Amino acid sequence: MTSKRANSGEAAGGERQKLSSPSGLPIHEIPGGYGVPFFSPLRDRLDYYYFQGAEEFFRSRIARHGGATVLRVNMPPGPFISGDSRVVAVLDARSFRVLLDDASVDKADTLDGTYMPSVALFGGHRPLAFLDAADPRHAALKRVMIRLAAARMHHVAPAFGAAFAAMFDAVEAGLAASGPVEFNKLNTVHMLDFTCAALFGGSPPSKAMGAGAAAKAYKWLAFQLHPLASKVVKPWPLEDLLLHTFRLPPFLVRRDYAELTAYFEAVAAGALDDAEKAQPGAVPRDELLHNLVFLAIFNAYGGFKIFLPHLVKWLARGCGELHARLADEVRAAVPATDESVTLAAVEKMPLVKSVVWEALRMNPPVEFQYGRARCDMIVESHDAAYEVRKGEMVFGYQPLATRDERVFHRGGEFVPDRFVVAAGEDGDDKRVRRLLEHVVWSNGPETGAAAEGNKQCPGKDIVVAVGRLMVAELFRRYDTFAAGVEELPVEPVVTFTSLTRAAAGSA
């Protein structure tokens, strides 16, 4: 736990080093504050979850401090789960970049913010996502994940094609039988099977473990993330007491996790063998196994569970013209005689690619980034510079950074062709590349790549590929669709109300 001295911006001892802004911006004291211990973090938690909501929580404080986008605030969950709720929030595209600089911030145990789940939830191990890039174990584990993602990339398209067909056969059957069909429930089940098929092959969880496999995976995720959840239990005072005040004991999910681990021990045996052969003795097999469980369920499945409903939400809100343009592009790249959509085919779909990047910009699957300052440093926003002291927790709310109007024209709007390179316009590819540098959902720029020495997501390319395949499969099979959307804090609930099949011969 960081000391009060470090989080209040005071020097940890001795005289402060005088810092200057690299860009010559005026250096200001960081506005905001932390208020009265215990009571202020508690009040801020209620504002964040119930009285304002995340975005208004930050926007109101930006307005209160004259438009400053680097602020001192308390972040949930607060008492009694967080040992220290105090953070320096960076809320614009420029200041957010500090969280992508592994030389500036230490990300050990910061994945979930101001608290760390019990390692009992991970078989007694600290997963890769909780390790700082400078930790020697980080490189050994990251190497395994990068190799696995690269080796299995060619399985992604066929595995997703099977999952998509199963999902939308069920949607069509539900619409024909009883009316509107919720996408999220089907996505929760079929994307777990897809994830395991794509990464490991073998029998999918729904067959090997039974119909309750996805529920067990979700329960395990909930025990890690319940301090960050909201609007899942009514009334809200009861929810706040149950989810945000005390940690749920890990033993309540021990049996479910044991079943999940046993499944992955069998299905991922080949991946574990390959890792041991490539790096003999580098990481114990048991630690590798628990890291693969975390990769598959938390990183991949958890990400798809959030990302795909947002992607479908934006498509549902698109006009008929957008659906027609997407259908034309997909069908031009994938002839009706082809049995499936391939990764090579989606590379020839500039509008599809742009729609996916735009969805990731508008709704990054992980909205938060945290890191602890490695040293005294200057953080620059667009208009000012601020001193951050060694040991202070830096927090970024990504949706504000990736919708920053100083970087993205109409940044708060979903613009489907934002990332399409205009034909015949010299230099437009450079414009698009500059914008993609600020699409940072993967804990790094979209123009970057995961490496052993950084914290960028090792499955970044798979996530993007799945988004593209989702759009391509949807508009290969359907001319258009309609769906209702209910916005909730983590993922929107998308309910299909109609699907219009493509005419015979056009798909």
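I started with the open sheet of 3 strands in the order β5-β11-β10, where the pairing is antiparallel. Helices (H or I, at least four residues) and strands (E, at least two) are DSSP runs, numbered from the N terminus, and two strands pair if DSSP finds at least two bridges between them. β5 (181-182) and β10 (478-486) are at the edges with a single partner strand each, so one side of each has no neighbour in the sheet. I looked up the link from β10 to β11 (residues 493-501) and got 8 bridges, running antiparallel. Within it, V485 sits opposite V494 of β11.

Before going on, a note on provenance: this is a predicted model, in which local features need pLDDT of at least 70 and side-chain atom pairs count only at pLDDT 80 or more, while totals for chains, interfaces and linings use all residues. Residues are numbered from 1 along each chain as its sequence is written, and side-chain values use heavy atoms, with hydrogens and water left out.

Next, the other sheet on my list. It is open too, with 3 strands in the order β1-β8-β7 and mixed pairing. Its edge strands are β1 (27-28) and β7 (377-380), each pairing on one side only. β1 and β8 (residues 385-388) run parallel and are joined by 2 bridges; I27 has A385 as its bridge partner in β8.

Then I went looking for voids. How many cavities of 30 Å³ or more does a search of the whole structure find? I got 3. A cavity here is a set of points, on a 1 Å grid over the protein atoms alone, where a 1.4 Å probe fits but cannot get out; lining residues have an atom within 4 Å of a point. Grid points are joined across faces, edges and corners, and the volume is the space filled by probe spheres set on the points. The largest cavity holds about 180 Å³. I listed 15 lining residues for the largest cavity, with L199, L295, A300, G459 and I462 nearest its centre. Two or more lining residues come from each of α5 (136-151), α7 (183-199), α13 (285-317) and α19. That lining splits into 12 nonpolar, 3 polar and no charged residues (Ala, Val, Leu, Ile, Met, Phe, Trp, Tyr, Cys and Pro count as nonpolar, Asp, Glu, Lys and Arg as charged, and the others, Gly among them, as polar).

From there I checked L148, which is in helix α5. L148 counts as buried because its relative accessibility is 10% (buried is under 20% relative accessible area, exposed over 50%, partly exposed in between; 1.4 Å probe, protein chains only). Beyond four places in sequence, L148 touches L199, F200, A271, L292 and L295 (contact means heavy atoms within 4.5 Å). L148 and P458 are 310 residues apart in sequence, yet 9.1 Å apart C-alpha to C-alpha.

H190 is in helix α7 and is buried at 17% relative accessible area. Outside four places in sequence, H190 contacts A163, A166 and M167.

Last stop: S442, in the loop between α18 (428-436) and α19 (460-477). Is S442 buried or exposed? Buried, at 2% relative accessible area. The side chain of S442 makes a polar contact with the side chain of Q456 at 2.8 Å (a pair of N or O atoms within 3.5 Å; within protein, one must be able to donate a hydrogen and the other to accept it, and residues adjacent in sequence count only if both atoms are side-chain atoms). A polar atom of the S442 side chain also lies 3.3 Å from the backbone oxygen of G444.

Technical notes: 1 Å grid on protein atoms, 1.4 Å probe; cavity = no way out; pocket = protein on both sides within 12 Å on 5 of 7 lines; lining within 4 Å.
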